[in-house]
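Colleague: Before we look at particular features, I would like to learn how to read them in turn, with the general idea stated before the case. Could you take me through the model in that way?

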Amino acid sequence: MRLKGIFFLLSLGAFTAYYVYQPIPDEIEERWKLMLTDCFFRSLSHLADFSELVGLKDYMGVMMFITFAERVVTVSDQRVHVTEELFDGVEVVVYQPKLQGGDTELRRAVIYLHGGGWCLGSARMGPYDLLARQMVMDLNSVVVSVEYRLAPEHHFPVPYEDVYRVVKHFLQRVVLAQYSVDPLRIAVSGDSAGGNLAAAVSQQLQQDPEQQLQLKIQALLYPVLQALDLNTPSYQQNQNMPILPRTLMVRFWSEYFTSDKTFFRAMMTNTHNSPESAALLDFVNWSSFLPESYQGKYNYSAPVVALSAGGAGSNRPSRSIADPRASPLLVPDAVLRSLPKAYVLTCEYDVLRDDGVMYATRLRRAGVEVTHEHYARGFHGALMFTVWPTDFLIGRTMTENFIRWLQHNL
C-alpha cells in the first residue's frame, strides 16, 4: 500500500513536471515563472476547448475568466482622480491628476486601448489600472482608458468604431478644456489588439476631412497589424511560445471577424485570402520589409489564394481582412506619410514581432519619425505582467522605457 502511494506521488509529480515544463529559450529571463504562468493559461485554454466541444460554453466565454479574475474597482486615491464616464455612448475610465492649488497648466493626454485579441480584456483590469495611474503621475497627464465592446458578441468593425467614436469625442476643444488638456499634446496608445486599434484610428483620423485636431503621437506596443499572412517568420518561430501561441492568435483573428469555424480552419492553414485581399499581399511581403536578422532561416512564400476561403457565405470576413481598419499595415505609402510620430515596441519571442517590425520599416520609408524598441528577450504581453504574483522584471523595464519615451515626445 505504501509503495502504491509512493508510486502515485511520483507519477503525479512526473505528470505535473511534464505538463508545466515548456521548452522556453534560455535568453528569456525568469523562465520558470513564465512556465508556471503559461501553465495556467494553457489549462484554461484546454478547459475552454472542452467546454466548447461539449456545448457548455463557447471558447472565449471561458477565457473571459482571465478578465474577470483581474478586474479591480477603479477608484480615486490621494494622487489620482478616477471617474467612469460615457464618451459618445462608449464607456471610458478617465484618470486625472488631483488638482493642486493654483494649478492652471494644460496637461498632456493619453488615450489608451487595452489588449486581449478584441475578445478579452478590460480597461478595469489591474495591470491597465496600474499603468494608467503611473502615466498620470509620471507625465502629469490625463489618461482615457477605453472599454470598447468585444468580439465575438460584437464582431469587426464594432470594437474599432467604439474606439474611433471615443477619440473623435475627446478631440473636441470643449471636451479638452473640460479636462485641462493641451490640444497639441495628445497621444493614442495600446498593446496587442489595442495597438491595432491605435494604429487604425491614427490612420483614419488623418483621412477625415472634418477632423480639426489631430494626434501628436502614436505608441504601439507589440501590435497586431495584419491578417493576410499568418506564416511570417515570427509566426513560425514562435508558434508554441507561452502566452500567445499561433493557434490562439489565429483564433482571435477569426473570432474578431466571424463565428464561422470554417474561416478559423482556413486561417490556421493560411489559405483564407480571397482575390480581394490577395491584391494587397505586397504590403505584407516580409521579404521586402523585414531586415535579414528577422528573416532568419525562413523563405518567403506567398499565401495561397482560395476563391472560397472560409466556406459558403464567408465573403464578409474575407473582405474584412483587407480592410485597413482591421489590418493597418495594408494602407499605401501616401496614407503613411501624414501619420504622427510613432513608437513601436516589439518582442523577439512573439508571433506578432514581424507585424511591428514591418510597420516600423514602412513608416520610416514613408518619412515618419519612428522609435522602434525591440526586446531581444521579450515575450508577448510582458508589459502587463507587473502585478504580483506574475510580475516580471522585463515588464517593469518596458513600462519605464515606454513612459520615458512619452515624457520626451508628448
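Modeller: Let us begin with strand pairing: two strands pair if DSSP finds at least two bridges between them, and the elements themselves are DSSP runs, with helices (H or I) of at least four residues and strands (E) of at least two, numbered from the N terminus. In this structure β5 and β6 pair in the parallel sense over 5 bridges, and Val188 stands opposite Gln218 in β6. This is a predicted model, in which local features need pLDDT of at least 70 and side-chain atom pairs count only at pLDDT 80 or more, while totals for chains, interfaces and linings use all residues. Residues are numbered from 1 along each chain as its sequence is written, and side-chain values use heavy atoms, with hydrogens and water left out.

Colleague: How many residues of strand β6 are buried, and which of them point one way from the strand?

Modeller: Burial is read from relative accessible area, where buried means under 20%, exposed over 50% and partly exposed in between, computed with a 1.4 Å probe on protein chains only. Strand β6, residues 217-221, is mostly covered, with 5 of its 5 residues buried. Ile217, Ala219 and Leu221 point one way, whereas Gln218 and Leu220 point the other way, and all of these are buried.

Colleague: Which residues does UniProt list for "active site", and why can they be said to gather at one spot?

Modeller: An annotation of this kind is read with care, since UniProt positions are given in the numbering used here, feature names are shortened, and annotations may be inferred rather than shown by experiment. The unreviewed UniProt entry lists Ser192, Asp350 and His380 under "active site". These residues span 189 residues in sequence, yet no two of their C-alpha atoms are more than 10.5 Å apart, so they gather at one spot. From this set, Ser192 and His380 belong to the lining of the largest cavity.

Colleague: Where do Ser192 and Asp350 lie, and what does each of them touch?

Modeller: A contact means heavy atoms within 4.5 Å, and the partners given here leave out residues up to four places away in sequence. Ser192 lies in the loop between β5 (181-191) and α8 (193-206), is buried with a relative accessible area of 8%, and touches Gly115, Leu221, Tyr222, Pro223, Val224, Leu352 and His380. Asp350 is found in the loop between β7 (341-349) and α17 (353-365) and counts as buried at 2% relative accessibility. With residues up to four places away in sequence again left out, Asp350 touches Tyr222, Ser234, Asn238, Leu244 and His380.

Colleague: How many cavities of 30 Å³ or more does the structure hold, and which residues lie nearest the centre of the largest cavity?

Modeller: Rolling a probe the size of a water molecule over the atoms shows where empty space is left. On a 1 Å grid over the protein atoms alone, a cavity is a set of points where a 1.4 Å probe fits but cannot get out, and lining residues have an atom within 4 Å of a point. Grid points are joined across faces, edges and corners, and a volume is the space filled by probe spheres set on the points. The structure holds 2 cavities of 30 Å³ or more, and about 460 Å³ of space lies in the largest cavity. Its lining has 27 residues, of which Phe41, Ile66, Gly116, Tyr128 and Ile243 lie nearest the centre. Helices α4 (65-69), α5 (126-139) and α10 (246-257) each supply at least two residues of this lining, and the largest share, 3 residues, comes from α10.

Colleague: What lines the second largest cavity?

Modeller: The second largest cavity, with a volume of about 30 Å³, is lined by Arg251, Ser254, Glu255, Thr258, Ser259, Asp260, Lys261 and Phe264. The elements that give two or more residues to this lining are α10 and α11 (261-268).

Colleague: Finally, which peptide bonds are cis, and where is phi positive in a residue other than glycine?

Modeller: The bond from Ala151 to Pro152 is cis, with omega near 0 degrees, and another cis bond joins Phe156 and Pro157, with omega about 10 degrees. Pro152 is placed in the loop between β4 (141-146) and α6 (158-170), and Pro157 lies in the loop between β4 and α6. Trp118, which is not a glycine, has a positive phi near 65 degrees; Trp118 lies in the loop between β3 (107-113) and α5 and counts as buried at 0% relative accessibility.

Methods
1 Å grid on protein atoms, 1.4 Å probe; cavity = no way out; pocket = protein on both sides within 12 Å on 5 of 7 lines; lining within 4 Å.
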